[in-house]
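Please examine the sequence and the three-dimensional structure shown here.

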Amino acid sequence: MAPTQTLLVAALAPARPDITRAVCRGAGRHLRARGYAIVKEMTFANGRRGDIVALSPAGELLVVEVKSGLEDYRVDGKWPDYRDYCDGFLFAVAPDFPLERLPEDVGLIVADAYGGEWLRDPPRHPLAPARRKALTIAFAKLAAARLALVEDPGV
């Protein structure tokens, strides 16, 4: 390959933030199609921030950690900290992610910018009632605050 061709290929490869946005969008679409309400970027009491938090029609809370690629997964050791704030934990990854590198004791969604596929259910570990209530209220307040910004950006 000529040097100019190499540069062209590198320039066309999606950047990590673009992959993250696409996977997040597709996973969100998939979750909403399954009846979940979602918020993105929800911060928990331990300071960690879930990429997607999904509230099921039955009131279960899922945390979905979006990974843009293998390197993103390798350098992020904080994902086990999310388990205390959800009934189930999942990764959402792009279709070309090497799935065999992910742990088997988490749920899995493969997604692109247009949708996703739920490949593996997360093991369930029900939240304590008090924590569920606090998280559900925090979820509702975050969603309402974001809606208020859409309806009245000057707030």
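Which residue takes a positive phi just after α2? That residue is G35, with a phi of about 95°. The model is a predicted one, in which local features need pLDDT of at least 70 and side-chain atom pairs count only at pLDDT 80 or more, while totals for chains, interfaces and linings use all residues. Residues are numbered from 1 along each chain as its sequence is written, and side-chain values use heavy atoms, with hydrogens and water left out.

Helices (H or I, at least four residues) and strands (E, at least two) are DSSP runs numbered from the N terminus. Helix α2 covers residues 16–33, 18 residues in total. From its first C-alpha to its last it reaches 26 Å, close to the 26 Å expected at 1.5 Å a residue; the expected span is 1.5 Å times one less than the number of residues.

Within α2, the residues V23, C24, G26, A27, G28, H30 and L31 are buried, that is, under 20% relative accessible area with a 1.4 Å probe, protein chains only. An α-helix has 3.6 residues a turn, so residues three or four places apart point the same way. The buried residues of α2 pack against β1 (37–43), β2 (49–55), β3 (61–67), β4 (88–93), β5 (107–112) and β6 (115–120).

The chain as a whole has 4 helices and 6 strands, arranged from the N terminus as α-α-β-β-β-α-β-β-β-α. Of its 155 residues, 39% are buried. The C-alpha atoms fill a box of roughly 60 × 45 × 30 Å, taken along the principal axes.

Note on methods: Buried means under 20% relative accessible area, exposed over 50%, partly exposed in between (1.4 Å probe, protein chains only). Contact means heavy atoms within 4.5 Å.
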